[in-house]
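The questions and answers below are meant for someone meeting this structure for the first time. Please look over the sequence and the structure before reading on.

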Amino acid sequence: MRSKAAPWILMAPFLVLFIATMIVPVIMAVGYSFTRVQRSGLLGEDGTESTFAGFSNYAAALSNQNFIESIGRMMLFGIVQVTVMIVAATILALLLESAAAKWPGLFRSTYFLPYGIPGVIATILWSFLYIPGLSPIVDVLGWMGIEIDFLGPNVVLWSIANIVTWTYTGYNMLIIIAQLKAIPGELYEAARIDGAGAMKIVTSIQLPLIRPALMLTIIFSIIGTLQLFAEPRLLQTMSSGITTEYTPNMSAYAYAFQYNEIGMAAAQAVIIAVSAFVLSAIALGVSSWAERKR
């Protein structure tokens, strides 16, 4: 009996925290998404009352043009930014794990270092490189005859993408490196005996065998894209192109804490979560289909 109870006793602190900080908030969010707060009086001075709203909050969220545009904006962001980041992380991992790599530990630490910088601090640092008059990058481009406003409405999305890519490429690189280190050395030896060159080893051995790591990084990146908040929120004060509902998370935040419509904010949060689940499932399905076709 003691041996059976011991694992649960050891896991109890984690389970309590997990249920309190993850499961309960999710259940509460789903519950709030089906409610509407009704205020009595001209200015709500007579109190408030929560009533069952059915799916009206979801209908309102899906008919909200700003919210739909924010989801479309993040999908475009993800298609471009995630692709660039995963390709860069894969190339760095392959280069650092090649036999000719020098000081791989130093470069792994260097590429991973940006991930250790909080997103708020990273955004503030990059903002100084985006603001005209403060940015040496803008000044150098100006001397070359290239006028660009990194915080302009048409460019700011890609300025945010640059910050995210700079921050998370090293993190994804380490995940891929961990998968590369799990490849048995006998496979490399057999490939070299058969006359395979470096590129053939990459395309025939390494890339197929790191597919699980690549899928993990892609899924993490999809979820992170839909949760994008800190970077655009901080740059909002510097760019006229970033609105209050620029990303889905910013829209939910605005409805919860600025418009005081908890039901609408909860419905948007649930839609974001479901969208992340669906997109992740699609990515896994495409990967499985491609694997079966091989």
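A charge is said to sit over a ring if NZ of Lys or CZ of Arg is within 6 Å of the ring centre and within 35 degrees of the ring normal. The model discussed here is a predicted one.

Q: Over the ring of which residue does the charged end of arginine 73 sit?
A: A charge counts as sitting over a ring when, among other conditions, it is within 6 Å of the ring centre. The charged end of arginine 73 is 4.4 Å from the centre of the ring it sits over, and that ring belongs to tyrosine 246.

Q: Are the rings of phenylalanine 14 and phenylalanine 18 stacked or edge-to-face?
A: The structure holds 14 aromatic pairs. In the pair of phenylalanine 14 and phenylalanine 18, the ring centres are 5.7 Å apart and the planes stand at 25°. Planes under 30 degrees apart count as stacked, so this pair is stacked.

Q: In which helix do phenylalanine 14 and phenylalanine 18 both lie?
A: The two residues are 4 residues apart, which is about one turn of the helix. Phenylalanine 14 counts as exposed, at 52% relative accessibility, while phenylalanine 18 counts as partly exposed, at 33%. The helix in which both lie spans residues 2–32 and is H1.

Q: How many residues apart are tyrosine 115 and tyrosine 171?
A: Tyrosine 115 and tyrosine 171 form a stacked aromatic pair, with 4.6 Å from centre to centre and 20° between the planes. Tyrosine 115 lies in the loop between helix H4 and helix H5, whereas tyrosine 171 lies in helix H7. The pair thus links distant parts of the chain, and its two members are separated by 56 residues.

Q: What is the phi of tryptophan 103 near?
A: Most residues other than glycine have a negative phi. Tryptophan 103, found in the loop between helix H3 and H4, counts as exposed at 61% relative accessibility. Its phi is positive although the residue is not glycine, with a value near 50°.

Q: What is the phi of asparagine 260, about?
A: Asparagine 260 is placed in the loop between helix H12 and helix H13, and it is partly exposed, with a relative accessible area of 42%. Although asparagine 260 is not a glycine, its phi is positive, at about 55°.

Conventions. Residues are numbered from 1 along each chain as its sequence is written. This is a predicted model: local features need pLDDT of at least 70, side-chain atom pairs count only at pLDDT 80 or more; totals for chains, interfaces and linings use all residues. Side-chain values use heavy atoms; hydrogens and water are left out. Rings of Phe, Tyr and Trp (its six-membered ring) pair if their centres lie within 6.5 Å; planes under 30 degrees apart count as stacked, over 60 as edge-to-face and the rest as tilted. Buried means under 20% relative accessible area, exposed over 50%, partly exposed in between (1.4 Å probe, protein chains only).
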